[in-house]
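Here is a friendly briefing for anyone meeting this structure for the first time. Please have a look at the model, and then read on.

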Amino acid sequence: MTASPLTPEEIAAVRRPYRAASLLPGRAYHDPAIHEFERERWFRRDWLIAGREEDAATPGSYFLAEVDDEPLIVVRGRDGVIRAFYNVCRHRGTAVVEESCGQAVRFQCPYHAWIYDLDGRLIRAKHTEDLDDFSLETSGLAAVRVALWQGFVFVSLDAGAEELSDWLGDLATHLDRFDFGALRVAHTETYEVEANWKFIAENYSECYHCPGIHPQLNKLTPYDLGGDYAPDGPWQGGWMELVDNAETMALDGGQRAGRPAMAGISELDERRVYYYLLWPTTFLSIHPDYLLWHRLVPAGPDHTRIVCQWLFEPATIAAPSFDPSDAIGFWDLTNRQDWHVCELQHRGTRSRSWTAGRYSNQEPSVHAFDLMVVDRYADDGTESRRTVRHRYDVPPPKDDEPNADVGGMPAVLMPRSAARARARSRARSSR
């Protein structure tokens, strides 16, 4: 077992009960050695999303991906099975494929013309016939584990990783009313952000900053209306409630511009936007009419590449009037607002004057994410009981009181009216 990069005291400070806990120490974001720990222990072992099934939709279609600086080819074979291989020729290590995506009958290394079939087998290597202890059968492209879920292609660089279905915990059951695999990408945006990836994940996990940073967003989903789920697995999630005159998250007052709801959206879902963080670097944001997802690519302790895609139902995209610019423009603006403050935070926390701060009573989801981080730093068999958001409109109670089940998971939001009534009752009793 690799020693934790944080001291026992630093881990214990985050693991304290929510209202006594401290944030991660500054070096968790800035120390190159800690970033290397994360690469070795997390990014090279956990299941990470490499792309979408639609990126390799037909036999022979492929796309290139990069996971923790490792170059990969993801290809659909003649048998319809999606596989992944290191994009590295077994001869002299040359990248076998140069184009970022395409259609292939087989792969030929551009250097010495070694030829590989779509299933990774080496089928031709000239002038190797008389080599000792060499065979085509044992010299194919090195394979990488692949699994599919909801249209996403997951890869793990760890041959011993548990099955994706087990790793996801209860998230698959929680979201099984949706068919994200049927959705299609309408737009992709890539951002380069000068900030540690954990700052970006923490920012995604709360809306405490929304009134000041996202006035457009806060008008559609006020920061004090929402709740969290109590997950069993490497994820966290919750929802924000749309105001009465809004239909989705988009410019021009949040109207859907005639776009129908996605398949699986219930009457309750039409009044909410759901946010999920799938450990370690994937965000899923479910709107009534589209799915937004972010893939974080940590490129050092101080830089993160973020790939963001907007997905819609195929029939919605095919409609003559389809125009997603309102949804794209809304989230492009919101993204850039977030990236700016994350860069400011990254810059400020480098100061010797900064010590790990405290969570406000509106940041339980940030604490939940940080608990996932320190549990994996410690790797001591202890899994912290993650904090969940009860409500925002009054200070949360110190006891945990789950309410009704919503979406197959225990909901932890108290209705606003009930919360206010409880607050009034407490005020009267204290007089």
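**How helix α6 packs**

Helix α6 passes helix α12 in a right-handed crossing, where right-handed means that the near helix is turned clockwise from the far one by less than a right angle, and left-handed that it is turned anticlockwise. This is a predicted model, in which local features need pLDDT of at least 70 and side-chain atom pairs count only at pLDDT 80 or more, while totals for chains, interfaces and linings use all residues. Residues are numbered from 1 along each chain as its sequence is written, and side-chain values use heavy atoms, with hydrogens and water left out.

**α6 with α12**

- The two helices, α6 and α12 (residues 364-378), pack at about 145°, and their axes are 8 Å apart; axes are lines fitted to C-alpha atoms, for helices over the stretch in contact, and angles run from 0 to 180 degrees between N-to-C directions.
- Trp197, Lys198, Ala201 and Glu202 of α6 make the contact (heavy atoms within 4.5 Å) with Val366, Phe369, Asp370, Val373 and Tyr377 of α12.
- By type, the residues of this contact are six nonpolar, no polar and three charged; Ala, Val, Leu, Ile, Met, Phe, Trp, Tyr, Cys and Pro count as nonpolar, Asp, Glu, Lys and Arg as charged, and the others, Gly among them, as polar.

**α6 with α11**

- Helix α6 (residues 197-204) also packs against helix α11 (residues 325-348), at an angle of about 130° and with axes 10 Å apart.
- That angle makes α6 oblique to α11, a class for angles that are not under 35 degrees (roughly parallel), over 145 (roughly antiparallel) or 65 to 115 (roughly perpendicular).
- The crossing of α6 and α11 is right-handed.
- On the α6 side, Phe199, Ile200, Glu202 and Asn203 meet Asp338, Trp339, Val341, Cys342, Gln345 and His346 of α11.
- Five nonpolar, three polar and two charged residues form the contact of α6 with α11.

- Of the 431 residues in the chain, 54% are buried, meaning under 20% relative accessible area with a 1.4 Å probe and protein chains only.
- The chain has 13 helices and 19 strands, taken as DSSP runs numbered from the N terminus: H or I of at least four residues for helices, E of at least two for strands.

Terms used:
Buried < 20%, exposed > 50% of the residue type's maximum accessible area, 1.4 Å probe, protein only.
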